[in-house]
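Here is a short briefing on a two-chain structure.

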Amino acid sequence: MGNFGVQFRRDLLVAIRGRTETANPIAFFVLALSLFVFAVGTDSETLPRVAPGVVWVVALFAAMLSTENLFHRDHDDGSLELMLLDSRPLFLGVLGKLLAHWCVSGLPVAILSPLAAVFINAPFEIITILVGTLLLGTPVLTLIGGIGAALTAGLGRGGLLLAVLVMPLYIPVLIFGSGACYRVLDGATVTGPVLWLIALLAGSITLAPFAIGAALRGSQEY
Amino acid sequence: MNQSLIEVNELTCTVADQILFDRLALTVVSGDVLELWGPNGSGKSTLLRCLAGLFEADGGVIKRAVGLLYMGHRPGLNELLSPFENLRWCAGLQERDVSPETLLSAIHYVGLDRYKDEPCRTLSAGQMRRAALARLCISKSRLWLLDEPMTSLDDDAVALVRDLIAKHRSAGGGCICATHIKLEFPQTRVLELGA
């Protein structure tokens, strides 16, 4: 278990204490989707068709919004130095941190997505696959976002740079995630995109913490 | 008995085109206290960060024989967590099963009993420093690297830092301490940077 549990517990506690900040991405997810309904109109034919894509894009932005603070505060208050001085590999500690972050950002979005889907008049048959792909895809977004957040940890507010760094890497997740939902709408099999999402998740769990560890060490060089 | 805790040879570091130290050599053995003196910007903090492995020097060899504790300018305390929670996390990082009683006695030692459950953002600068000092009380690391540990501390707390270092030293530990306030120990060694 190592420092995985230590980091997970601490970061979850920090997230609960900083409720307002933690709730930001979730509030963004709900608000942005509701605005979409006003903009497109509920009686339109278009809304059910664009719904899966819209939910996915908004979930992606919500993930990006929450990622910025992943390491920034730890860098500023010196906690990151203590983490880096830990003689054990950083891998598990970073993974614990990211899991805690996902539990308060990606997971609530996935849980809220059926409600959001009904809200924007999405067809019922896509709800299961929407939740499923979000459960598979949002951890990937958190892991990839973590790399960007680690690279920009020492830069103060690196918001725009972070977006530019991680956006291209988010695109495959978006394509396979919303692609699976559209396949259900079109009556096709979803195995392909879902397997791709699983592969992306497995790959990013294995590789992202290493990249994040290296980037965090780099962030200490002033 | 005088086991070498850290050995540095030929350490060279340049920051912003300024040579901070050139082919620096130092050794700290158990029971040693090495004070780093020097004006602001003379490289005291950078040297400590190099020794801790947080900053890569341009050249040189650093041989660390033992685990170390580093206390930098930044306190390493999350402002939403209490001193107790921060200390528990820190003990966990060192993979040590420290009992809550030990943590509480460390917090008592640094005089933060009343604030142990308050979020750190409500503490003053001196109290934050004291909360960070609690890490020294529970540390089992043989080598301490302290970067101006007495900044914003009152007289009592300064005495407390001296006391902690003295205890650590007599237990066979070593300490490298960047400071503007002299530690006034017998037989401390001094390395003056930027001289």
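Chain A of this predicted model has 10 helices and 0 strands. Its elements therefore read α-α-α-α-α-α-α-α-α-α from the N terminus on. Chain B contributes an open sheet of 5 strands.

**Chain A: overall form**
- Along the principal axes, the C-alpha atoms of chain A fill a box of roughly 55 × 35 × 30 Å.
- Buried residues account for 44% of the 222 residues in chain A.
- Of the contacts in chain A with a separation of 6 or more, 82% join residues 24 or more positions apart.

**Chain B: the sheet**
- The strand order is β5-β6-β7-β3-β8 in chain B, and the pairing is parallel.
- β5 (68-71) and β8 (189-192) of chain B are the edge strands; each has a single partner, so one side of each lacks a neighbour in the sheet.
- Neighbouring strands of this sheet are turned by 15° against each other on average, direction ignored.
- β3 (33-37) and β7 (174-178) of chain B pair in the parallel sense over 4 bridges.
- In that pair, V33(B) stands opposite C175(B).
- Helix α5 (155-170) of chain B packs on the sheet and touches β3, β6 (143-147) and β7 of chain B.
- The direction of this helix makes about 150° with that of β7(B).

**Contact between the chains**
- Chain A gives 20 residues to the contact, and chain B gives 22 residues.
- On the chain A side, α1 (3-17) and α5 (79-85) of chain A each give two or more residues.
- The chain A side divides into 7 nonpolar, 6 polar and 7 charged residues.

Technical notes:
Residues numbered from 1 in each chain as written. Chains lettered and ligands numbered in written order. Predicted model: local features only at pLDDT ≥ 70, side-chain atom pairs only at ≥ 80, totals over all residues. Contact = placed C-beta atoms within 7 Å. Nonpolar A, V, L, I, M, F, W, Y, C, P; charged D, E, K, R; others polar. Buried ≥ 20, exposed ≤ 12 C-beta atoms within 10 Å, placed from the backbone. Pairing = 2+ DSSP bridges. Axes fitted to C-alpha atoms, helices over the stretch in contact; angles between N-to-C directions.
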